Amino acid sequence: MLLFSSVLDIRIVQPPLLLTITDSLAVNYAATAFVAALLATALAHLLAATTPRPRMFFGWIVGLATVATMVVPFAADASMAGKVSTAVINMVVGIAIATLLTGIFSGR
């Protein structure tokens, strides 16, 4: 987020579901990523308790949610650089959540 907005001076597209708790887009993005990670953790726990192959289900759900968050910025009225930058940020957040939470299923 800071690389694109501060260093490269690209205006990031504000996603529609972004939590607004401060005036800083970076802090709001971090808070939203935190909430998404908590929801993904709850989903992982639910899948581990109820499905025969929780890792596969979790991977598909998080993968599809990540792709959806990458597509949403392209519907906004903004520069192409801003749209691509926002999609890349969303992809990195999705990959981080998926790879960190996949370790929960190591025992199964």
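## Elements and overall layout

Helices (H or I, at least four residues) and strands (E, at least two) are taken here as DSSP runs, numbered from the N terminus. On that basis the protein holds four helices and zero strands, and its pattern, read along the sequence, is α-α-α-α. This is a predicted model, in which local features need pLDDT of at least 70, side-chain atom pairs count only at pLDDT 80 or more, and totals for chains, interfaces and linings use all residues. Residues are numbered from 1 along each chain as its sequence is written, and side-chain values use heavy atoms, with hydrogens and water left out.

Taken along the principal axes, the C-alpha atoms of the protein fill a box of roughly 45 × 25 × 20 Å. Of the 108 residues, 27% count as buried, where buried means under 20% relative accessible area, exposed means over 50%, and partly exposed lies in between (1.4 Å probe, protein chains only). With contact meaning heavy atoms within 4.5 Å, residues 24 or more positions apart account for 55% of the contacts that have a separation of 6 or more.

## Confidence

The predictor's confidence in each residue is given by pLDDT, from 0 to 100. The protein averages a pLDDT of 85, and 96% of the residues score at least 70. Among its elements, helix α1 (residues 2-7) has the lowest mean pLDDT, at 76, while α3 has the highest, at 91. Where pLDDT is low, the predicted coordinates should not be read in detail.

Two packed helices are described by the angle between their axes and the distance between the axes. Here the axes are lines fitted to C-alpha atoms, for helices over the stretch in contact, and the angles run from 0 to 180 degrees between N-to-C directions. Angles under 35 degrees count as roughly parallel, over 145 as roughly antiparallel, 65 to 115 as roughly perpendicular and the rest as oblique. A crossing is right-handed if the near helix is turned clockwise from the far one by less than a right angle, and left-handed if anticlockwise.

The axes of α3 (residues 54-71) and α4 (residues 80-102) come within 8 Å and cross at roughly 170°, and α3 and α4 are therefore roughly antiparallel to each other. Their crossing is right-handed. On the α3 side the contact involves R55, F58, V62, T66, T69 and M70, which meet A87, N90, M91, G94, A98, L101 and T102 in α4. The residues of this contact divide into seven nonpolar, five polar and one charged, given that Ala, Val, Leu, Ile, Met, Phe, Trp, Tyr, Cys and Pro count as nonpolar, Asp, Glu, Lys and Arg as charged, and the others, Gly among them, as polar.

The axes of α2 (residues 25-50) and α3 come within 9 Å and cross at roughly 150°, and α2 and α3 are therefore roughly antiparallel to each other. This crossing, too, is right-handed. A40, L43, A44, L47 and A48 of α2 make the contact with P54, F57, F58 and I61 of α3, and the residues of this contact divide into nine nonpolar, no polar and no charged.

## Packing of α2 with α4

The axes of α2 and α4 are 10 Å apart, and the two helices pack at an angle of about 35°, with α2 passing α4 in a right-handed crossing. The contact joins Y29, A33, A36, A37, A40 and T41 of α2 to T86, I89, N90, V93, I97 and L101 of α4. Its residues divide into nine nonpolar, three polar and no charged.

## Individual residues

N90, whose place is in helix α4, is buried, with a relative accessible area of 11%. Not counting residues up to four places away in sequence, N90 touches Y29, T66, T69, M70 and P73. L18 is found in the loop between α1 and α2 and, at 9% relative accessibility, counts as buried. With the same exclusion of residues up to four places away in sequence, L18 touches L25, N28, Y29 and T32.

M56 lies in helix α3 and counts as partly exposed at 36% relative accessibility. The C-alpha atoms of M56 and T102 are separated by 9.6 Å, although these residues are 46 residues apart along the chain. G103, in the segment after α4, also counts as partly exposed, at 46% relative accessibility. G103 and A33 are 70 residues apart in sequence and 19 Å apart in space, C-alpha to C-alpha.
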